[in-house]
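Dear colleague,

Please find the structure below, handed over for your records. My notes on what was found in it follow directly after.

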2 protein chains.
Amino acid sequence: MKFIKTPVKGMCDMLPSDMRLREKVFSMIKDSYSKYGFMQIETPAMEHIENLSSKQGGDNEKLIFKVLKRGQSLTSALEKGAYDDIADNGLRYDLTVPLARYYANNADKLPSPFKALQIGSVWREDNPQKGRFRQFTQCDIDVLGDESNLAEIELVAATANMLIKIFKGFEVSGLTVHINDRRILRAICLMAGFGEDDIANVLVSLDKFDKIGFDGVRSELIANGYGEECVDKYLGVFKNADGADCMAFCENIPEEYLNGKVRESVNDIILSASAMVDGNVNIVFDPTLVRGMGYYTGTIFEISIDGYNFSIAGGGRYDEMIGKFSGNSVPACGFSIGFERIITILKDMMGEGMKIDSNSLAILVHKNVSTKQKVALFARAKTLREEGKTVSVFPMKKNMNAQFKKLEEEGYAEFEKVYPEENN
Amino acid sequence: MKFIKTPVKGMCDMLPSDMRLREKVFSMIKDSYSKYGFMQIETPAMEHIENLSSKQGGDNEKLIFKVLKRGQSLTSALEKGAYDDIADNGLRYDLTVPLARYYANNADKLPSPFKALQIGSVWREDNPQKGRFRQFTQCDIDVLGDESNLAEIELVAATANMLIKIFKGFEVSGLTVHINDRRILRAICLMAGFGEDDIANVLVSLDKFDKIGFDGVRSELIANGYGEECVDKYLGVFKNADGADCMAFCENIPEEYLNGKVRESVNDIILSASAMVDGNVNIVFDPTLVRGMGYYTGTIFEISIDGYNFSIAGGGRYDEMIGKFSGNSVPACGFSIGFERIITILKDMMGEGMKIDSNSLAILVHKNVSTKQKVALFARAKTLREEGKTVSVFPMKKNMNAQFKKLEEEGYAEFEKVYPEENN
């Protein structure tokens with residue numbers, strides 16, 4: 001029999017120490033969001049291939065693991081040579097497409113607005129590389145059916161507080177929520193003289209500001225054929241207003257480009273969310289924040305910490321996407337938490353795997369122990385467990401030292417050995 | 001764009017009330033087993049198709065959702081017409097094959113014996129019917145590397161106590177752990193005069209005892225061509241020992257058919273596990289318990305409750321299976337919890353969905369509320385959340401009554417409305 005010991009390429013076996021850390025973070029996420037009224041939901045791992053290929057998934061649509069049709073429908077597709085038609089389902093590559101389908105299917109059974117929390121695996125046929133896997137966990141929170149900025153406020157505050165909780169006890173500095181609005185980005189482009197059709201391209205360059213600075217962005221825009229005057233006017237808006245809050249930054253953008261309510265709303269979000277956030281979290285207006293996804297329509301946000309050049313959460317408002325799926329327009333705003341990134345950071349900081357609760361006892365039992373002795377020792381184990389101790393009863397192995405070592409590695413703190421009583 | 005709102009056939013969207021119940025049961029399962037030293041692990045949803053088709057999965061191997069190869073390897077398989085070779089992976093249909101692979105891959109990093117807890121989805125292309133789905137959750141606990149009956153004792157006690165915890169507050173009666181041993185079943189067959197080759201067949205009939213009684217079993221065995229004398233001798237063993245404990249039941253089985261240590265071990269398991277179990281759980285010797293799976297080699301167990309004609313957990317010792325995968329012989333014993341069955345029973349008993357924590361407040365906010373008012377109300381929400389209350393801030397909808405109704409259905413107990421202050 002051919003048997004392969006390793007997991008499927010690009011996927012992981014989770015060891016106990018991995019699972020302890022992941023489960024702890026899962027439960028912090030669930031607890032935090034539930035206090036804000038977010039409700040957990042779940043969708044199947046598989047979705048109809050038509051839904052996954054609906055052009056909402058961007059490049060991820062090239063990375064779908066497709067599930068083969070079965071029985072007669074497979075046979076006839078193969079006989080016809082209809083090779084594009086041999087898969088009917090695919091594994092989901094994100095939680096957004098499933099959420100759109102879920103809401104279209106279940107909205108009448110849900111409160112409105114609906115505050116959803118999803119935690120689940122997604123699959124992408126990506127090239128495996130350090131820290132990137134073909135199966136990984138996503139964690140999305142979304143508010144559906146709320147056109148007001150209460151959605152943004154709750155999302156930002158809940159997520160910031162959740163991260164504070166997770167990183168408590170670790171030396172994390174510079175936890176910052178960056179907030180911007182697509183409509184402000186658009187207004188500045190138009191005001192500087194770019195055309196409506198240039199906006200997407202200009203933003204691709206601005207998005208690189210963190211890496212290449214204003215000079216780099218300027219060179220790239222000019223290399224792309226935009227006029228110097230226009231480019232300098234554009235970048236000048238950012239330079240002149242360095243460090244300004246949203247109200248001040250937008251002050252000089254005429255109403256014809258930007259409805260004054262937009263800057264008030266961004267300001268509102270920052271002030272209200274800040275009132276809910278503990279500890280050293282900065283919630284700041286960041287006019288250079290772009291975020292790649294084309295489907296955002298308003299507010300966008302991203303969370304960073306010092307020392308890591310990737311964001312640990314990001315999101316925004318996407319008022320048109322759910323409607324494309326369901327046919328009914330539904331305002332929507334959400335955050336996607338970089339769960340695997342958070343795990344990577346925590347593992348970095350911990351330096352070693354997460355151990356079991358230190359209030360733990362391993363009892364090693366000799367093979368000749370009598371029934372009477374066993375009954376007594378298990379009754380005692382029962383009492384200790386009821387008092388909150390983790391107790392595990394193991395047979396004594398020949399190589400007891402190796403056995404101890406492994407148990408210590410998992411975190412067992414106390415040991416007991418039970419040998420046969422002479423008088424049994 | 002073609003968009004399908006319903007989930008893939010035979011799979012479920014989980015509503016918030018479903019998830020609350022499932023999450024509660026998950027956390028009880030995790031807490032219970034962790035006190036006994038079981039460690040959670042996880043394997044990918046996909047396994048190599050070779051491993052899934054290794055004949056260890058029985059009929060489930062006919063129900064595999066296969067994952068299509070990708071890129072060039074798909075193209076060349078299709079061009080060659082090698083239609084059996086167009087899938088390289090499949091979705092797991094149980095947690096046992098993945099556990100065997102996991103242990104073969106990771107044993108050197110794990111304590112020995114290793115006490116594993118797995119909770120995860122499995123997929124089977126079954127015919128969807130009431131209470132049976134194509135994606136469902138399995139929960140398996142296994143002790144690998146323990147040839148002693150400490151494994152059985154811990155498994156039985158931990159599982160019984162976990163079920164007591166889950167059913168606490170519900171009127172569940174007759175919670176019973178049935179214990180038997182394949183070696184005892186075999187010995188009685190041989191003693192009655194059946195041949196070694198008849199055993200599997202005879203047990204198929206005995207397995208129906210619960211449904212068709214001794215008379216039914218007798219008729220079936222005779223219809224299958226077995227002699228009356230042999231059949232009556234066989235069934236006589238069970239009738240004459242009705243209600244006997246294992247020691248008494250096995251007393252008259254000669255040593256040539258059954259090593260005396262087997263009955264002592266079963267007795268040991270029942271006495272020791274009983275010493276650890278609270279409340280009204282019976283742990284009993286049940287000589288007619290068979291369990292279908294061919295891979296069991298010793299003790300077998302099954303848990304039932306009154307009023308349901310299916311078992312809610314079952315398992316046993318399967319000392320040869322892991323070795324078939326890994327090449328190294330590894331004693332193993334496990335329990336599979338019928339998670340979806342437990343959920344079905346709980347939903348039956350609850351009569352309605354599980355609501356959110358009753359300490360919950362929904363604040364409905366009018367759209368014209370000022371930033372100043374929002375900052376104040378969110379600061380108050382923060383304090384209430386820190387005190388343990390679930391607080392959700394929603395925009396006030398035009399149809400506020402419908403909004404209230406849905407929130408009440410989810411379990412919101414308190415409501416507050418915030419209107420603009422006159423003097424803002």
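In this predicted model, strand 12 (residues 360-365) of chain A pairs with strand 13 of chain A in the parallel sense, over six bridges. Two strands count as paired if DSSP finds at least two bridges between them; strands (E, at least two residues) and helices (H or I, at least four) are DSSP runs numbered from the N terminus. Within this pair, A:Leu364 stands opposite A:Phe394 of strand 13.

The pair belongs to an open, parallel sheet of three strands in chain A, ordered 13-12-14. Strand 13 (390-395) and strand 14 (414-418) of chain A are its edges, each pairing on one side only. From one strand to the next, the twist averages 20°. Helix 14 of chain A packs on the sheet and touches strands 12, 13 and 14 of chain A; its direction makes about 155° with that of strand 13. Axes are lines fitted to C-alpha atoms, for helices over the stretch in contact, and angles run from 0 to 180 degrees between N-to-C directions.

Between the chains, 87 residues of chain A are in contact with 87 residues of chain B (C-beta atoms, placed from the backbone, within 7 Å). Helix 14 (residues 371-386) of chain A supplies the largest share of chain A's side, eight residues.

Residues are numbered from 1 along each chain as its sequence is written, and chains are lettered from A and ligands numbered from 1 in the order in which they are written. Local features need pLDDT of at least 70 and side-chain atom pairs count only at pLDDT 80 or more, while totals for chains, interfaces and linings use all residues.

With kind regards

Definitions and conventions. Two residues are in contact if their C-beta atoms, placed from the backbone, lie within 7 Å.
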